[in-house]
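Trainee: I would like to learn how to read the sheets, helices and cores of a structure like this one. Could we take the features one at a time, with the general idea before the case?

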Amino acid sequence: MQKPRWKTVGGALLRVAAVWAVSTLTMLALAGILPDFRLQAADGDSATRIAVTAASGAGAFGVLSALVWPLLVRALLLMPALVLGLLVFVLNGSLLLLAISLIPGRGTVDPETAVVVAAVMSAASSATSTFLTVRDDGAYRRRLARLADRERRLSGGDGGRERPPGTVFLQLDGVGHAVLRDALRPRDSRPPVMETVSAWVGGSHTVTPWRTDWSSQTGASQLGILHGSNEDVPAFRWYEKKSGEVMVSNRPTSAAVLQRRAAARAGHDGLLTVDGASRGNLFTGGADELALVLSVAARRSKRNRSRSGYFTYFSDPANATRTAASFVAEVVRELCQSTRAKLRRETPRVGRGGLYPFIRAFATVVERDVVVAAVSGDILAGRTAIYADLVAYDEVAHHSGPRSRDAQQVLARLDRSIALIAKVAERAPRDYRIVLLSDHGQSPGATFAGAYGLTLEDLVRAGCGLPVPKAAGRTASGAEAREAARAALHRPEKDEEGPEGARPVVLASGNLGLVSFPDVPGRMSREAIDRRYPALLHTLANHPGVGFLLVRSETEGAVVLGAKGAEHHLDTGRVIEESPLAVFGPGAADAVRRTAHFRNTPDIMVNSAYDAATGEVHAFEEQIGSHGGLGGEQGHPFLLWPVQLSAPVAAGEELVGAERVHTVLRRWLREADGPEVPAEAAIPVETAEAAVPAEAAPPEWSVSDGAQDPAKESRIPSPPAVPFPAADPVLPDKAR
């Protein structure tokens, strides 16, 4: 949506006026402090006259600086840097002397003092100008454009436009297909929440849902998308009996192990192996250019250290000011929003105190700004394949709800980031195709503890005949931003609780629970569990907050247990009573069957109940928007691609699993004549840390037709291929 010209001009004039006012006040303050600086005639002046003199001097100094300073700098570029640095102060002082001399009979200043006054005034006006453009993406974009033009001149022109187009993959973490669909449609005469993306769909881009594996979370999905294999990743966190350790997907050491295992299984190092960049992800994807990547956060080398992305970004004072101000604003915003939720007695609701406001601000401001700047730099450098993860929505939706007003505001700000990247791509040395996708969605619902007054661990202990605490404990959220913040601050990893004697290890991954008995080697069978804890499986399966259990039978193989004796034997297809998986929709049995044969599948897997009418689940963590298991929108992310690329799957076929998405993205890189993942580029299997075990689609839809019924929606016809979206998204005013 084009910003009215009067708003653009008016905003520029207001900024000029504000900088002028600050410069005037600075000059008045310095005149009162410094003995050799006067702004009045020898016989004295009124306060009004002195103020007019200061305003005139500040205005003249500003105009001279704007007009003369660039010419002086250009003329002195051949000078040594040290000499030029010293001359800056002298020349600035000279400009101030000239400005004061234009006010006859009023101001006087000694040459030495003029240098000091000019330096202070320049610093004040620069700080004011930077602060006023903190929320101005246009100013930021223009700065990047100037950098791109300079680099292009140094490299000898625009020859890069003859190169094959590059591809930018932007992952909107946690944004489900249904949430995206709603954000792209106007409501009540109001524009869409995501105006830029809405302009693309129906013209330059097409969107479709895809279905995740059972483990609907970033660790499994992004590992499959970037590295082509997410086998043996049963959840966000799980207990490995062989090593006696708890693996956590967003812990740097665990992420590094998972990446090595995936590379060994897939037979290559990842999607981004050739001329790629990985920004803000859990895994590298095989890229050489890395920033904010958790799987290398524990490395000590300068080149691969995850925090280097922060150092690069914050080395620019303008970036630091922009992000710091936005960070403070986001903390205040969260405090206000959480207070409002309490006063309105909104339900469901989880605690949002402690460090959470700062964790949220880190995810929605710091990570966003650093990742967007890194992607912009990659585009201006002409890299072929770029993959970046924007985690802001996922973090806020966990605590505020997937369709909350808070989450909608984050989507609007993500849309502006996408628009900024698209504008930067217009200045790139090559054409770019922008692909948007998500790794999972989120399903709403009260927490398991909030709904039933006890945690999953309490329920397991009760079924085992162990003591249960009187008050339900809290299971900390496993949101990706938390470990990213720890890595950014170089804090040591926080260990999950390990086994203690024979007590069961109970872990949570959204609405998916995992129960392991560490004193029993290998996977404990259903029969062995019944012999040791006769009431456990019955207690879990018949609880109203539990949808189904997955166990291994010594005679029947993988078995799904439900309430009232319902069973689904996955290896034979036998169903007793009614399949507990029926409510979870088509594909549920295949997803559970695949996970059932992973090497690290726990002794018992617990999926929460799912209400098909409301779409609600019960997270075993402190989240009212969750993902990690089966049930609702969490398992239906989206894929949005330029129409000049081939469709992900054939008509009538469903795109299922992160590994399948990897093959689609790999094909698109090949179609753009970009890098194909080398077939033999992977590390040998024996170098991985673990042995490798043997082992009707929803229609695409258009925003323009406004249809809600999939039967009424039709595929968007493909217009002639264009190098970039036909729509020209214009940045609205920055809201943060």
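Mentor: Let us begin with a strand pair: strand β3 (residues 166-172) and strand β10 (residues 432-437) pair in the parallel sense over 6 bridges, where two strands count as paired if DSSP finds at least two bridges between them. Within this pair, Val 168 stands opposite Ile 434 in β10. Please keep in mind that this is a predicted model, in which local features need pLDDT of at least 70 and side-chain atom pairs count only at pLDDT 80 or more, while totals for chains, interfaces and linings use all residues. Residues are numbered from 1 along each chain as its sequence is written, and side-chain values use heavy atoms, with hydrogens and water left out.

Trainee: Which strands make up the sheet with β3 and β10, and in what order?

Mentor: In general, strands of a sheet pair through backbone hydrogen bonds, either parallel or antiparallel. Here 7 strands form an open sheet in the order β4-β22-β10-β3-β9-β7-β8, with mixed pairing; helices (H or I, at least four residues) and strands (E, at least two) are DSSP runs, numbered from the N terminus. The edge strands, each pairing on one side only, are β4 (205-209) and β8 (289-291). From one strand to the next the twist averages 15 degrees, angles being taken from 0 to 180 degrees between N-to-C directions, with axes fitted as lines to C-alpha atoms, for helices over the stretch in contact.

Trainee: How many bridges join β3 to β9, and how does the pairing go on from there?

Mentor: β3 and β9 run parallel and are joined by 6 bridges, with Thr 167 opposite Ala 385 in β9. Strand β7 (residues 276-279) pairs with β9, again in the parallel sense, over 4 bridges, and the bridge partner of Arg 279 in β9 is Ala 388. β7 also pairs with β8 in the parallel sense, over 3 bridges, where Ala 277 has Glu 289 as its partner in β8.

Trainee: What lies on either side of β9, and are its faces covered or open?

Mentor: Burial is the quantity to read, buried meaning under 20% relative accessible area, exposed over 50%, and partly exposed in between (1.4 Å probe, protein chains only). Both faces of β9 are covered, with Ala 385, Tyr 387 and Asp 389 buried on one side and Ile 386, Ala 388 and Leu 390 buried on the other. β7 is likewise covered on both faces, Gly 276 and Ser 278 being buried on one side and Ala 277 and Arg 279 on the other.

Trainee: Which helix lies across β3, β9 and β10?

Mentor: Helix α8 (residues 218-227) lies across β3, β9 (385-390) and β10, running at about 175 degrees to β9, where contact means heavy atoms within 4.5 Å. α21 also packs on the sheet, touching β3, β9, β10 and β22 (638-642), and its direction makes about 10 degrees with that of β22.

Trainee: What is the strand order in the open sheet with antiparallel pairing?

Mentor: That sheet has 7 strands in the order β12-β13-β18-β14-β15-β16-β17, and its edge strands, each pairing on one side only, are β12 (505-509) and β17 (575-576). β12 runs antiparallel to strand β13 (residues 512-516), the two being joined by 5 bridges, and Ala 508 stands opposite Gly 513 in β13. Helix α16 (residues 456-463) lies across β12, β13, β14 and β18 at about 150 degrees to β12, whereas α20 lies across β14, β15, β16 and β18 at about 40 degrees to β14.

Trainee: Which residues of α20 are buried, and why do they line one face of the helix?

Mentor: An α-helix has 3.6 residues a turn, so residues three or four places apart point the same way. In α20 (residues 588-596) the buried residues are Ala 588, Ala 589, Ala 591, Val 592, Thr 595 and Ala 596. Seen down the axis of α20, these residues fall within an arc of 165 degrees, so they line one face of the helix; the arc is that of the directions from the helix axis to the C-beta atoms.

Trainee: Which residues have the most contacts inside the largest nonpolar core?

Mentor: A nonpolar core is a set of buried Ala, Val, Leu, Ile, Met, Phe, Trp, Tyr and Cys residues joined through side-chain atoms within 4.5 Å. The largest has 58 residues, and those with the most contacts inside it are Trp 214, Leu 550, Val 592, Leu 639 and Leu 665. Its largest share, 6 residues, comes from helix α21 (residues 658-671). A second, separate core of 49 residues includes Val 175, Ala 183, Val 370 and Leu 414.
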